[in-house]
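Please keep the structure in view as you read.

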Amino acid sequence: MSTKITDGREIRLTPGAQRILDVASELFYWRGIHAVGVDTIAAESGVTKRTLYDRFGSKDGLIVAYLEARDRRWRDLVTARLDAVSADPVRRVLVPFDVLPEWLAPSSRGCSFVNAFAELPEPEHPGRQVVVAGKKWLRDLFRELLAEAGIADPDALAVQLLSLHEGAIVCYSMADEANAAASARAAAEALVARAVHQS
């Protein structure tokens with residue numbers, strides 16, 4: 001298995017590197033990126049710090065690998081579901097909402113990207129760039145799916161759907177609203193149905 005790191009090069013994930021990434025991913029998500037040092041990651045993964053630096057270059061490289069891996073899993077989940085409902089353009093628009101309960105189920109700390117965005121305030125930080133690209137990807141996906149469904153003004157509605165989607169994640173984790181994803185989906189469906197009717 002391989003993954004991209006900060007400078008865009010591919011690295012092969014040896015078993016040791018995969019352990020480092022797995023452990024770092026858990027620690028970064030549950031404890032926070034800044035709260036976890038490379039000493040802790042190396043100790044808990046049973047791999048030397050030298051191996052960590054050899055494979056990821058730096059802690060920032062490891063942060064990027066963590067965020068990129070989560071982004072890939074999210075995109076794969078969405079695109080796989082899109083393939084399953086390829087014949088219905090309106091249902092396709094709602095797919096990111098349909099997969100949200102499955103995505104949120106194992107977590108209680110909310111969106112790893114929102115958390116990382118708060119911890120990485122420097123615009124040039126490569127991890128922050130992964131986060132921004134991931135959210136823009138979802139907005140652009142909504143826009144594309146709305147256009148496929150024949151919506152006249154997909155840009156404005158794409159932002160509304162993204163806002164509902166992200167709000168559902170925050171409500172689920174911070175306000176302990178177990179049905180936040182279903183509520184957001186219902187609101188999104190109503191918005192899309194109205195837009196279809198008006199188009």
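Helices here are DSSP runs of at least four residues, numbered from the N terminus. The model is a predicted one.

Q: Which helices each supply at least two residues of the lining of the largest cavity?
A: About 230 Å³ of space lies in the largest cavity, and 17 residues line this cavity, with Trp74, Trp103, Cys111, Phe113 and Lys135 lying nearest its centre. By class, the lining divides into eight nonpolar, five polar and four charged residues. The helices that each give at least two residues to this lining are H4, H7 (100–104), H8, H9 (126–148) and H10.

Q: Are H4 and H8 roughly parallel or roughly antiparallel to each other?
A: Two packed helices are described by the angle between their axes and the distance between the axes. For H4 (residues 59–84) and H8 (residues 112–119), the axes come within 11 Å and cross at roughly 155°. Angles over 145 degrees count as roughly antiparallel, and therefore H4 and H8 are roughly antiparallel.

Q: How many nonpolar, polar and charged residues make the contact of H4 with H8?
A: On the side of H4, the contact is made by Tyr66, Leu67, Arg70 and Asp71, while H8 contributes Ser112, Phe113 and Ala116. Because Tyr counts as nonpolar, as do Leu, Phe and Ala, whereas Arg and Asp count as charged, these residues can be sorted by class. The contact has four nonpolar, one polar and two charged residues.

Q: Which helix gives the largest share of the lining of the second largest cavity?
A: The second largest cavity holds about 30 Å³ of space, and its lining is made of Phe28, Tyr29, Ile33, Tyr66, Arg109, Ser112, Asn115, Ala116 and Glu119. At least two of the lining residues come from each of helix H1 (15–31) and H8. The largest share, four residues, comes from H8.

Q: Which helix gives the largest share of the lining of the second largest pocket?
A: About 170 Å³ of space lies in the second largest pocket, and the residues that line this pocket include Ile151, Ala156, Leu157, Leu191, Arg194 and Gln198. The elements that give two or more residues to its lining are helix H10 (154–174) and helix H11 (180–198). The largest share of this lining, four residues, comes from H11.

Definitions and conventions. Residues are numbered from 1 along each chain as its sequence is written. This is a predicted model: local features need pLDDT of at least 70, side-chain atom pairs count only at pLDDT 80 or more; totals for chains, interfaces and linings use all residues. Side-chain values use heavy atoms; hydrogens and water are left out. Axes are lines fitted to C-alpha atoms, for helices over the stretch in contact, and angles run from 0 to 180 degrees between N-to-C directions. Angles under 35 degrees count as roughly parallel, over 145 as roughly antiparallel, 65 to 115 as roughly perpendicular and the rest as oblique. Contact means heavy atoms within 4.5 Å. On a 1 Å grid over the protein atoms alone, a cavity is a set of points where a 1.4 Å probe fits but cannot get out, and a pocket is an open set with protein on both sides within 12 Å along at least five of seven lines; lining residues have an atom within 4 Å of a point. Grid points are joined across faces, edges and corners, and a volume is the space filled by probe spheres set on the points.
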